[in-house]
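Please look over the sequence and the model below before reading on. The text then goes through the chains one part at a time.

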Amino acid sequence: MADLSIKVMVEYDDFSLSIDEEVSLTGITGIFGHSGSGKSTLLKVIAGLEKHAQGNLAINDLHETDVLLASEAKIFVAPQQRNIGLVFQNSRLFPHLTVEENLRYGQKRRKNTEGNKSLDFTEIVVLTKLDNLLTKSVAQLSGGEQQRVALARALLAEPRLLLLDEPLSALDDKNKILMLTLLTKVQKQLNLPMLYVSHSLAEIQQLANNLLVLSSGKVTHYGDIHQVIHQLTTNNEILHQTSLSLTVKEHLVEYGLTSLALGDQQILMPLNQQIENDANTYTNVRCIIAASDISVTLHEPSESSIVNHLQGTITSFEPCQSQILLTVNCSGQDFFVDITAWSAQRLSLIVEQKVFIQFKANSVRTLC
Amino acid sequence: MNSTHPDMLALITTLKMAGITTIILMLIGTPLAWYLAKMKSRGKVFIEALVALPLVLPPTVLGFYLLLLFSPQYLPGQIWQEATGQQLAFSFSAIVIGSVLYSLPFVVQPLQKAFEQLGDDLLEAAAMLGASAFDRFFTIVLPITKASFITAASLGFAHTVGEFGVVLMIGGNIPGETRVLSIALFDHVEAFDYAQAHIISISLVISSIVLLSLIYLLNRPNKSRLTTKKQTESKRFS
């Protein structure tokens, strides 16, 4: 298992980035932060496009350490020598080349390390649904198509690490979902480690296994995606929400619902074509439930249109402005619930109390 | 006119001078324009002013200082004479060096503008795909800024053909060596041979119009994009 060791400083007049972190290069790591937090600068440092970076940067494998930057020893590996791919926010396709020529540009220059089976051009083209566009000029492509070409071009260069800098931010909702699905598939099929920068937590939550949070050029959180979102919620740094990754149990097509397993209980969410059609990719579903969408009852509701009610225990009771943030543990999973102080008093809720939480199927949100 | 005619000889000398000058200009103008386009320090303004100087300075001023420098009394002329055994002033080499300096802004400015417009985005993308600096220049920069290269070379060539003052000062009027068309024209006028002067003048006017028209044709804005748009539109209506 490889990891990326980052001990880097970047100093500008009005901004500084200072990172000291070992980032595991497995699956997708999300890098989240507001604009100006330094997330794009961090990607540029890793890519080798930030000339002002000071410090050390290396990829550690089981057997060897590959130094990319060691400013004291005057080591700076040029971007083209790093074998790291980068998909930019704007697709940056070469305007004088066709789609196919763009794709071949990286393929021709790839540094195939011994023993690795090289990627099949057709396989990537089919995966990214570009088979009908190969002979087109890039000016004829839509925004979504351009980003797919940019992704396929980066993949065909066979990088050992793929960086993505807000790759969805210029796309409309429909294309965002297409790209997210595509990235999930790419990650599954190619097993390529990715660092995914975004200011949208919802996007990152759909893709990433790990989450690194940046604020004013410093790492404030790093860890498992659900745990970090949990921490951000308890610290009141984001809208209170519960982030879940659940196994698909079955599709109740006649009711338009999908059943997800949560221990011996179940959660129902609206049936989603994407998830139903692509059962291989979506054995698991990532979803978010806003704390304001969940309510608490003392007895199991039997005559309610609300489909989800789960039994659980209150594990935390935190006053937060005029509201109370409850943490309710149901079958081992913590759920965040926002209720008013008035309701908390009326139901005389206390820690360790057994309660039921309820929420509509529609409040279980997923981006795909 | 046969090749022994003095004006024919002047034409050949002119084309040789302009051709060699253009090649040298492209070789030194490209890296200089690249450096100016990418440079961010304040010293850039000074170099830019220096490059643009021939645009405003009377050619005779440039010619006067070059004449001094090229003479054996000064170090550059002295070094040249020791290295080649020949005097630099009043030689073909002198008018080529003079032309390179005189036409430099015509090559550097369009290239610098093209490199600035190109920006770093595509070059960064190419680097991330494994392309070295050399590779990026030939596969990205050159094809995209091709029109500007042709413009720069044509302007450099045309401007060199049209120069008079610098050549007169440092080259004199040696047939087959430094006697170029503009000087030959001046000679004819001085000798009241207006018929011959007309021939040279009108040929220079016509060839300049043709060359400049070609440059403007090449630089029509968004030429390629317009055709693609037209194609998609015609497809939509068919």
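Axes here are lines fitted to C-alpha atoms, for helices over the stretch in contact, and angles run from 0 to 180 degrees between N-to-C directions. Helices (H or I, at least four residues) and strands (E, at least two) are DSSP runs, numbered from the N terminus. This is a predicted model, in which local features need pLDDT of at least 70 and side-chain atom pairs count only at pLDDT 80 or more, while totals for chains, interfaces and linings use all residues. Residues are numbered from 1 along each chain as its sequence is written, and chains are lettered from A and ligands numbered from 1 in the order in which they are written.

Chain B comes first. Chain B has 12 helices and 0 strands. Its C-alpha atoms fill a box of roughly 65 × 45 × 30 Å, taken along the principal axes. Two packed helices are described by the angle between their axes and the distance between the axes. In chain B, helix α2 (residues 43-56) packs with helix α5 (residues 92-118) at an angle of about 115°, and their axes are 7 Å apart. Angles under 35 degrees count as roughly parallel, over 145 as roughly antiparallel, 65 to 115 as roughly perpendicular and the rest as oblique. α2(B) and α5(B) are therefore roughly perpendicular to each other. Their crossing is left-handed, a term used if the near helix is turned anticlockwise from the far one by less than a right angle (right-handed if clockwise).

Which residues make the contact of α2(B) with α5(B)? From α2(B) come B:Val51, B:Ala52, B:Pro54 and B:Leu55, and from α5(B) come B:Leu101, B:Tyr102, B:Leu104, B:Pro105 and B:Val108. Two residues are in contact if their C-beta atoms, placed from the backbone, lie within 7 Å. By class, this contact has 9 nonpolar, no polar and no charged residues. Ala, Val, Leu, Ile, Met, Phe, Trp, Tyr, Cys and Pro count as nonpolar, Asp, Glu, Lys and Arg as charged, and the others, Gly among them, as polar.

Chain B also meets chain A: 16 residues of chain B are in contact with 21 residues of chain A. On the chain A side, α2 (79-82), β7 (84-87) and α3 (99-108) each supply at least two residues. That side of chain A has 10 nonpolar, 6 polar and 5 charged residues.

Chain A itself is divided into domain 1 (3-234) and domain 2 (241-363), with bounds that come from an automatic or database domain assignment. The centres of the two domains, taken over C-alpha atoms, are separated by 33 Å. Where they touch, domain 1 of chain A gives 12 residues and domain 2 of chain A gives 9 residues. On the domain 1 side, α6 (173-190), α7 (201-207) and α8 (225-234) of chain A each supply at least two residues. The largest share, 5 residues, comes from α8(A). That side of domain 1 has 3 nonpolar, 7 polar and 2 charged residues.

Two open sheets of chain A remain to be described. One has 4 strands in the order β14-β13-β12-β15, with antiparallel pairing; strands pair if DSSP finds at least two bridges between them. Its edge strands are β14 (265-270) and β15 (284-290) of chain A, each pairing on one side only. The twist averages 45° from one strand to the next. Strand β12 (residues 241-252) of chain A runs antiparallel to β15(A) and is joined to it by 7 bridges. A:Gln241 stands opposite A:Ala290 in β15(A).

The other open sheet has 5 strands in the order β16-β20-β17-β18-β19 (chain A), also with antiparallel pairing. β16 (295-297) and β19 (333-340) of chain A each have a single partner strand, so one side of each is left without a neighbour in the sheet. Here the twist averages 45° from one strand to the next.

Within this sheet, strand β17 (residues 308-320) of chain A is joined to β18(A) by 7 bridges, and the two run antiparallel. A:Glu318 has A:Leu325 in β18(A) as its bridge partner. β17(A) and β18(A) form a hairpin with 2 residues between them, and A:Gln321 in the turn has a positive phi of about 55°. Strand β18 (residues 323-330) of chain A then pairs with β19(A) in the antiparallel sense over 8 bridges. Along this pair, A:Leu326 stands opposite A:Val337, and A:Asn329 has A:Asp334 as its bridge partner. β18(A) and β19(A) likewise form a hairpin with 2 residues between them, where A:Ser331 in the turn has a positive phi of about 45°.
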